[in-house]
Amino acid sequence: MLWLDNSSTVSSAIVILLRTFFVGFGFLAPAMLFVKPKKMPQLKKLFVAAGIQIVRIAGILYALFWILDAYTATTAKPAGDYLISSGPKLYLGEHFYIYWLTPLIFFIATQLLWIPKIKQNKIAVSVIALLVLLNSFNVFPILLSQYKINMPWVWGWPAPDSWMFAVALLLHLFMFTTIVFTVLVASGKLKEEGNK
């Protein structure tokens, strides 16, 4: 099923970048929620709050760019005397659920974090983080995929037994942590915490 291949490099690159937020949040949010540091416990709360804020926006952007990519790839383009497209409109073909499951889970899970009762519940946030993390590793589409389907390249991860997997994972965690601290510094919350 070649129609599942993404064709818009700009959208695909942004989608890959946004996955950094999901992987980082999936690993770090539960750890931060249940670890009780002796020093600077407020920093932990600020980190989790900023991470939630980032991942909610990332969920919206991910869905928008995924839709844009699907539209661009499936819009007929002239090629000589013929019009070609990468598959059925918006990939709503035979195996549409495999293509759309990933962005749908990311979107729904991250948008649940707008609800105050969920956002303030450690267990609920941890379950959402785990769901987002598993989705980042394509667990759900792979489980649903009982056919030989070419997955979009934006879903690609190095093989788990590869040292590149560990490198990719560390890079995701580093980038997410860096972005969270950048948001905290830019918002002035880190400085406020330091002055207390």
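In which helix does Leu64 lie? In this predicted model, Leu64 belongs to helix α2, a helix that spans residues 41-74 and packs with helix α7, residues 163-187.

**Packing of α2 with α7**

- The two helices, α2 and α7, pack at an angle of about 105 degrees, and their axes are 9 Å apart.
- Because angles of 65 to 115 degrees count as roughly perpendicular, α2 is described as roughly perpendicular to α7.
- On the α2 side, the residues of the contact are Leu43, Leu46, Phe47, Ala50, Gly51 and Ile54, and these meet a set of α7 residues that includes Phe176, Ile179, Val180 and Leu184.
- The residues of this contact between α2 and α7 divide into 11 nonpolar and 2 polar, with no charged residues.

**The nonpolar surface patch**

- Helix α2 and helix α3, residues 96-111, each supply at least two residues of the patch, and the largest share, 4 residues, comes from α2.

Key:
Residues are numbered from 1 along each chain as its sequence is written. This is a predicted model: local features need pLDDT of at least 70, side-chain atom pairs count only at pLDDT 80 or more; totals for chains, interfaces and linings use all residues. Side-chain values use heavy atoms; hydrogens and water are left out. Axes are lines fitted to C-alpha atoms, for helices over the stretch in contact, and angles run from 0 to 180 degrees between N-to-C directions. Angles under 35 degrees count as roughly parallel, over 145 as roughly antiparallel, 65 to 115 as roughly perpendicular and the rest as oblique. Contact means heavy atoms within 4.5 Å. Ala, Val, Leu, Ile, Met, Phe, Trp, Tyr, Cys and Pro count as nonpolar, Asp, Glu, Lys and Arg as charged, and the others, Gly among them, as polar.
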